[in-house]
Amino acid sequence: MVDFLAENNLCGQAILRIVSRGNAIIAELLRLSDFIPTVFRLKDKIDQQKYGDIICDFSYFKGPEYYEGKLEAKPELQDLDEEFRENNIEILSRFYLAFESVHKYIIDLNRYLDDLYEGVYIQQTLETVLLNEDGKQLLCEALYLYGVMLLVIDQKIEGEVRERMLVSYYRYSAARSSADSNLDDICKLLRSTSYSSQPGAKRPANYPESYFKRVPISTTFISMVIGRLRSDDIYNQVSAYPLPEHRSTALANQAAMLYVCLYFSPSILQTQQAKMREIVDKYFPDNWVISIYMGITVNLVDAWEPYKAAKTALNYTLDSANIKEQATRYAAGMESLKPQVQQLLKEGFLREEIILDNIPKLLNCLRDCNVAIRWLMLHSAESAYDLNNKRLRQIKEQVLNDSKYKPKILFQLLLDTAQFEFTLKEMFKQMLSEKQIKWESYKKEGSERMTELAEVFSGVKPLTRVEKNENLQAWFREISKQIESLNYEDSTAAGRKTVQLIQALIEVQEFHQLESNLQVCQFLADTRKFLHQMIRTINIKEEVLITMEIVGDLSYAWQIIDSFTSIMQESIRVNPSMVTKLRATFLKLASALDLPLLRINQANSADLLSVSQFYSGELVAYVRKVLQIIPESMFTSLAKIIKLQIHDIMEVPTRLDKDKLKDYSQLGARYEVDPKQLLEDGIRKELVKKVAYALHQGLIFNPKAKPSELMPKLKEMAATMDGFYRSFEYIQDYVSIYGLKIWQEEVSRIINYNVEQECNSFLRTKIQDWESVHQSTHIPIPKFPSVDESATFIGRLCREILRITDPKSTCYIDQMNTWYDVKTHQEVTNNRLFSEIQSTLGTFGLNGLDRLLCFKIVKELQHFLTMLQRTILKDKAVVEVLKSMLGAVNPVQGIVGNASKVYANAVAKTQKIWGSYLESIMKVGQMQILRQQIANELNYSCKFDSKHLAAALENLNKSLLADIEAHYQDPSLPYPKEDNTLLYDITAYLEAAGIHNPLNKIYITTKRLPYFPIINLLFMVAQLSKLQYTKNQGMSCRKATDPVDWPPLVLGLLTLLKQFHSRYTQQFLALIGQFIRSIMEQCTSQKIPDMPSDVVGALMFFEDYVKYTKLSRKVAEAHVPSFIFDEFRTIL
């Protein structure tokens, strides 16, 4: 018969592919369970209030029109719904595909069973497949994996969350309109079961059998699979565990499969006492905590509580006398095994000859250790007992008391066993690889010895007192030939023959009185020794390694090993060389990967890579978690260095600490992950944790503090960061890492990540943690709960700077780069603030602050435009004023008659709109001033710290601009193509080096707006009356109660105009020019000698406009005659 798993056997390949896919689906479900968006849980009130109307469970399907109508009634809900869709559709699609694959899996399995029944596979029926060893295993696995999938989904993704995700996916995707979509079936299969994995949660009635029945499966198939699992040893495991008391361990994997499959036939659990008795006697006579898949543990006491037959059958196992017997047996076993394994691990004890002579004994020792560890780990695991259940609590206490359970001793046995297993495996592999070479060399030696003896008895070779004996000569020659003829390939015959040869050599010595000649005796003894070695060597079989693999399985501890983490870390802290022992334990744990990967590999599935990456990633993450104690201990030492370095100027002798650090850095172990990289990642992780926490704690401000806490806190923070930096630099040579590189990379990552999180509040499509280029799974940046409206420290810093430089309470003097309090005239802050931020947060911090200000400016400008369109341009009275004003100023080249009255009337009629208008313009202006200061500081430090970079960037920028200008004059010249990111990339560098002008930036895209220049003219005129010009201050507000700060006003207006087409700016400047000319004309006709203050303010605006935009004076003089400027200069 064709091999069931052969590539040309369609029947075998079909079921193999199904089982392979089953393992891959479970890995995907476990992977996704870590990425459930928290919002779908609707845990806190904020989420419930915000998203309650757009996230629904399956009640949505009862009346979709009602829910959709509710959304359509409120535009803000529609907006939120659209934003939510954009942010979550990708992850929802991934979850849906996983859910769909579960449904597809069971449909495909049912189709396969139908095909078997209908005879699609020639000569194959369900019965014949179950008679085949591989077929039997695969069919049992197929049903078992489906059960595991359902249990994993319910355990990891709660029912309500599943429903909400499926409804959201249905609403947001095209699936609702697709005819071939099987979304209805998926919803039926995965609707909530009301099960909760929280401890103490009540179990739903008929759970999980009603859940398992949602897609019907052939009852014949279920009963035949259960029958096989009950009666057969389907994986032939018992041969690896010859002792009867180890049988339940030998069949543990099969027991887990049977446990899951029984839920497909709950009548056995409920009423069939004989079958349950048989199952318990065979699989659970001495254990009641089992691992069903990759370390997911189940306690049968709890799981079988609702089932009468199962509960009754389990009662004997749970009899306190039986529990005591098992616990004391394993406790005694631990006591005797611990010294035994430690003896075996002594340096030089495990030698080749000892291993070859004692293979059965060593394997028995391994079996005893692994069985004891398995029983004690599972039956003492916290996760296996719900402490709200009185009976479970009593059983647990009895197990712990009777087994005298001490986690440290159990952990020590696990360590020693893993080390012993690892050493034995490695030596055995070595012996196996050299087996034939050694066997041939022993054969050659033995044959040569016999040939030499034959020559001795020929009388030719002189040997003292040996007479010639032709019979013996012929006999030894024959023996030599016999040894030579031994065949390595036929090991059984060779072994038998070798034993006969040894016997013959003993007899020849006795019968021919050869004992008297010591040299002949020696030759015979040597040959016998070589023949003995040949027998030993031929016994080195691969089966021993396979048995070791089976016996050493640690997959049951995939999750519960975590409870030993603190013990592992403590032992590393006390003795760093412990890491080498732990290596063997981690490698033992890695053998668990074979379980899900075996079938995927056999099926040559493309899922092999992703599944192995997921599980090995989980393992490496755990190894990292354990070894994180090394950098943690290092940073404890570092904290002492920092303390001394910050508070003591002199160099401090920290020799002792450094020696300790040196110890910690010497990871002898070799994982697939480079240990040096592991240490470096650990150091990075600890550094990120400490620095992120320091920044979070150090930059919290009290908005009511007078004076502001900003500068003192920045100075304090700068000292802390400098302490970190110097100490890090100090220890880098001792642990052989690039301290400065790590420092720069990680601090920039922390700051950039926090800026990104802060900017998320301005983005419609948020950047999730798993999408962020700055976040990492191995070296995560911690997230802290927000202490005010800001999400992170960078937001709090920005908010505090904006608070203390608020144009309503301060006056900015441009020439001095300083802010003064409007009322007290005391200095509030100056440009040294930005130097302080630079020394605290570095270039990344300033650059991040600049980015955040950009987002804030965008938001403010958008808010301003909304206000303009929705309130100002919708107000009929205001629009009437603007219309009549437009008539009054036409043509712009002319002069407005009775100017002061016309302008004053228009301003008075539109008075109500200027408050919010002014606030927006001033906010934008204030942020632009801050951006200019940041650019100055960045540019200064760039030229100071890296002049070559600054010069290169400036030259590149100039040459690029020259090329672009040349292209516009002559389009045949080159220009960067659309897919060329050069301009985009260089902008990031220029902004980081402060080589840019914030005033030239386009923040938003705009449409044409009616009356825009005239609105800005009236706004400007309305503000001029609140300002006055003084020689020592320039333009300043008349009353402290009605504050208007000139620089933010001018820069805000410039920025606003920059967002629109340049013709609006031209029209606005022409209107200001007309205003100046008209008022001056009126003054001249009324013979008023002094220049009115409004005109002085308007002319100051022209002056500042030319200064800030760096344009030529001709721009101003095109609208205002030069003689007016000449007269204006006499006032200055």
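1. Cys-187 is buried, at a relative accessible area of 8%, where buried stands for under 20% relative accessible area, exposed for over 50% and partly exposed for the range in between, computed with a 1.4 Å probe on protein chains only. The structure holds zero disulfides, a disulfide being a pair of cysteine sulfur atoms within 2.5 Å. Cys-187 is accordingly in no disulfide, and its nearest cysteine sulfur, which belongs to Cys-56, is 13 Å away. Cys-369 is likewise in no disulfide, with the sulfur of Cys-365 as its nearest cysteine sulfur at 4.3 Å, and Cys-369 is buried with a relative accessible area of 0%.

2. A note on the basis of these values: this is a predicted model, in which local features need pLDDT of at least 70 and side-chain atom pairs count only at pLDDT 80 or more, while totals for chains, interfaces and linings use all residues. Residues are numbered from 1 along each chain as its sequence is written, and side-chain values use heavy atoms, with hydrogens and water left out.

3. How many salt bridges does the model contain? The count comes to 46, if a salt bridge is taken as a side-chain nitrogen of Lys or Arg within 4 Å of a carboxyl oxygen of Asp or Glu. One of the pairs is Arg-41 with Glu-158, whose side chains meet at 2.9 Å, N to O. Helices (H or I, at least four residues) and strands (E, at least two) are DSSP runs, numbered from the N terminus. Arg-41 is partly exposed at 25% relative accessibility, and Glu-158 is also partly exposed, at 24%.

4. A salt bridge also joins the side chains of Lys-70 and Asp-53, at 3.5 Å from N to O. Because Lys-70 sits in helix 3 (residues 64-73) and Asp-53 in the loop between helix 2 and helix 3, the pair ties together parts that are 17 residues apart in sequence. Lys-70 is partly exposed at 31%, as is Asp-53 at 28%.

5. Glu-860 belongs to helix 36 (residues 832-872) and Lys-923 to helix 39 (residues 914-945), so the pair ties together parts that are 63 residues apart in sequence. Glu-860 is buried at 12%, whereas Lys-923 is partly exposed at 33%.

6. Arg-684, Lys-741, Glu-745, Glu-746 and Arg-749 are linked in a network of salt bridges. Asn-754 is found in helix 34 (residues 739-760) and is buried at 10% relative accessibility. With neighbours within four places in sequence set aside, Asn-754 is in contact (heavy atoms within 4.5 Å) with Thr-792, Phe-793 and Ile-794.

7. Where does helix 4 bend? Helix 4 (residues 75-118) bends by about 55° at Asn-88, the bend at a residue being the angle between axes fitted to the seven residues ending there and the seven starting there. Gly-119, which follows helix 4, has a positive phi near 80°.

8. Strand 6 (residues 1027-1030) pairs with strand 7 (residues 1034-1037) in the antiparallel sense over four bridges, where pairing requires that DSSP finds at least two bridges between two strands. Gln-1028 has Ser-1036 in strand 7 as its bridge partner, and a hairpin of three residues joins strand 6 to strand 7.
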